[in-house]
Amino acid sequence: MQTYGVTTPVGRRPMTLALVKRQLETAEIKAGKTADKWKVFRDACEARGILGIQDRTLAVLDALLTFYPDNELSEKRGLVVFPSNAQLSARAHGIAGTTLRRHLAALVEAGLIIRKDSPNGKRYARRDGSGDLEQAFGFSLAPMLARADEFAHMAQQIAAERKRFRLTKETLSICRRDVRKLISAAMAEGAAGNWGAIEGHFVALLARIPRAPTTNDLLPILEEIQMLRDEIVNLLEMQIKLEKTDTNDVHFDRHIQNSNTDSIIELEPRFDKEQGGKSNSDIKPAREPIKAFPIGMVLQACPDIIDYGPGGVVGNWRDLMSAAVVVRSMLGVSPTAYQDACEAMGPENAAVAMACILERAGHINSAGGYLRHLTDKARRREFSLGPMLMALMRAHGTEVKRAS
C-alpha cells in the first residue's frame, strides 16, 4: 500500500485540517488495485449530487483524465497529471482561468484529486536517462483509484433512488387518473354523496405536490390519494348494494301481495309441542341484528353529521351513510375498519356509530380504534346503539320519550 503525501498549495486556497484529513483518507490505495478511469468518472458523474459538485466541475475532471495516458488507473504507471492551465483550459472547452481554478479547488475539496505541488508551485515532470517518468508535480488522481468502489456504490444508490422516484411518480399518475374518473362518473350519474367536497379535497392534495418533488415529497401524498380512491370506491359500492337491496325489497313485497294467503300454514306453539318440536319462540336466529333507530332520533342526538351530508343536508339513510364516509376520512378511520363495522352492524348502524363518534370526537383519542372496539362488541352481540343515542340526546338537552 502506498500513500501519496499531502502538500500545501502555493498561492491557492488555504489548507484546512478537514481537507488534510480527507486527502489522507482518500490517498490510501490497496496494493495492486486498478480501475477503469472512465468507469470511475461515470460513477462520479452519477454521484455528483452526493459529492456536491457541478457539471462544469466534472468537465474539468474529464479534461484532467484525458492527460492520463492509459485507460486503467494504476500506481505502477503513476497517477499524477501535470498539464498547464492553458492546456487544461483548451481541453475543458475554453474555460476561463479564474473559473478553471475554482473548479479545480472544488475537485480537491470533493476528494476527487490531490494537488502535488513542486517547490516553485509549477507543474512538471522529471524523467530518468531512459525517458521514463521519475517524478511529477501536478494533480494526483490517486483518490479516484482509492475511492472507485465507493463511487460505484454511490452511483448504484442514485440509480435505485431514481427508479424508486419513477415508480412512485407513475403510481401517483395512475391513482390521480383513477380518482378523477371516479369523481366524474359519480357526478355524471348523479350518485348520492357530497362530491363537491370530495373533489375539493382531491384538488387540495394535488396542490401539495411541489414543482420539483422528491420521492419523500410524493409518498405521503400518494398514500392519501390512494385512501381517497378507496373511500370513493367504498362509497359507490355501498350505494350499489343499497340499490340492489331496495330492488329486492320491492320484489319481495310484490311476491307477498300476489301470494295466496290461504296456502300459508301457521303452526301454533301448542301444536309444535304436541309433535315434540320446538316452538317458534324458542328458535333464535344465528345472528341477531342490531335494531335500527329512526333517522330523526339519530339527527337529534348527532346534529354535527348533518354538515357532512350531500349539500349540507341529511334527509334519509342514504344521505347519512354518504356523510359517514366523509366523516370516516376526516377522523382518520381506515376503509378496512369501516367496512368491518358495516359487515358487523349493517351499513345503517355503522353510519350511526360514525355519527356518534363524530359527536364525541373531542373525547376520543383514536376514532379508528374506538370503532373497531364497537365492531368487536357487535360481533359478540354485546353492543347497542340505544344507550349512546340516549346519552347524546340528554347531553343536548333533548327530552327522551320512551316508546309505548
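Which glycine just after α14 takes a positive phi? I found glycine 346, with a phi of about 100°. I number residues from 1 along each chain as its sequence is written. The model is predicted, so local features need pLDDT of at least 70 and side-chain atom pairs pLDDT 80 or more, while totals for chains, interfaces and linings use all residues, and side-chain values use heavy atoms, without hydrogens and water.

**Helix α14.** Helices here are DSSP runs (H or I, at least four residues), numbered from the N terminus. Within α14 (residues 335-345), I noted Pro335, Ala337, Tyr338, Ala341, Cys342, Ala344 and Met345 as buried, meaning under 20% relative accessible area with a 1.4 Å probe, protein chains only.

**α2 and α4.** I checked how α2 (residues 37-46) meets α4 (residues 55-66): the axes come within 11 Å and cross at roughly 175°. Axes are lines fitted to C-alpha atoms over the stretch in contact, with angles from 0 to 180 degrees between N-to-C directions. The two helices are therefore roughly antiparallel (over 145 degrees). In contact (heavy atoms within 4.5 Å) are Lys37, Trp38, Phe41, Ala44 and Cys45 of α2 with Leu58, Leu61, Asp62, Leu65 and Thr66 of α4.

**Largest pocket.** A pocket is an open set of points on a 1 Å grid over the protein atoms alone, where a 1.4 Å probe fits, with protein on both sides within 12 Å along at least five of seven lines; lining residues have an atom within 4 Å of a point. I counted 13 lining residues, with His201, Glu231, Val326, Ser329 and Met330 nearest the centre. Helix α10 gives the largest share, six residues.

Note on methods: Parallel < 35°, antiparallel > 145°, perpendicular 65-115°, else oblique. Buried < 20%, exposed > 50% of the residue type's maximum accessible area, 1.4 Å probe, protein only.
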